[in-house]
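Colleague: Please take me through one part of this model at close range. Keep it brisk.

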Amino acid sequence: MEEAVPMAVGCEEGPEAQKLICPLGQRPSAMANRPKKLVICLTGMPGSGKSVVAEVAREMGFDVVSMGDAVRAEARRRGLQPTGPNMRSLMFELRAEGGPAAVAELCFPLIDEAGPEVLIEGVRSLEEVEAFRARYGRAVLVAVHSSPRTRFERLRARGRPDDPKDWREFVERDRAELSVGIGSAIAMADHMIVNEGTVEELAEEARELLARLRAKEIN
């Protein structure tokens, strides 16, 4: 699937100021003065296997930027514990303050400093994808999909502080994710990986897809 590249409207700022997030309502400056990057946006519901795909990307030499880590860093800056309820509340608060692409904008400085191949883990909406495309040009959207029961068991086994402790909390988290547009991002992905098998099977499929995307960009 070929992606349409949105027109980027530049912020009226100097080169140093352009390294920072543009004010609300303004798009980042056009990519003319930035080195060309292969940007891969990775989406999927919690527990679908995004972290495995991200680790494969690291092994292949991609720089990986985690949007979830960006939110957790912001939580620490605000003195919040990284619990599930706190992370969900902060996710909504950031979007209320800065618009639907606010979390994407938190990642801009990290992506700017990264190398020519970047995987952005944890994209939650088409607005975020559009923000990355406006700033960096072409960005490929990849989704990882697993069934709810499979994801719940994986999250229970993982046991991160913001992971759900029971089915009720799991469903609440899924609803929160869907409310910010992750369902549309998954539905509109350029490539889909279905992950109901082993970690090794997922890693191999991810490796093959990333190699194809890299080869397509080079050629």
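Modeller: What follows is a close look at one strand, then at a pair of helices.

This is a predicted model: local features need pLDDT of at least 70, side-chain atom pairs count only at pLDDT 80 or more, and totals for chains, interfaces and linings use all residues. Residues are numbered from 1 along each chain as its sequence is written, and side-chain values use heavy atoms, leaving out hydrogens and water.

Start with strand β1, residues 38-43. Strands (E, at least two residues) and helices (H or I, at least four) are DSSP runs, numbered from the N terminus. Six of the six residues of β1 are buried, so the rest of the structure largely encloses this strand. Buried means under 20% relative accessible area (1.4 Å probe, protein chains only). Both faces are covered. Leu38, Ile40 and Leu42 lie on one side, and Val39, Cys41 and Thr43 on the other.

Next, the neighbours of β1. Strands pair if DSSP finds at least two bridges between them. β1 runs parallel to β3 (residues 117-123), joined by six bridges. β1 also pairs with β4 (residues 139-145), again parallel, over five bridges. Thr43 has a bridge partner in each: Val123 in β3 and Ala143 in β4.

Now the helices. The axes of α4 (residues 102-113) and α5 (residues 126-136) come within 10 Å and cross at roughly 35°. Axes are lines fitted to C-alpha atoms over the stretch in contact, with angles from 0 to 180 degrees between N-to-C directions. Contact means heavy atoms within 4.5 Å. On α4, Val103, Ala104, Phe108, Ile111 and Asp112 make the contact; on α5, Glu128, Ala131, Phe132, Arg135 and Tyr136 do.

Methods
Buried means under 20% relative accessible area, exposed over 50%, partly exposed in between (1.4 Å probe, protein chains only).
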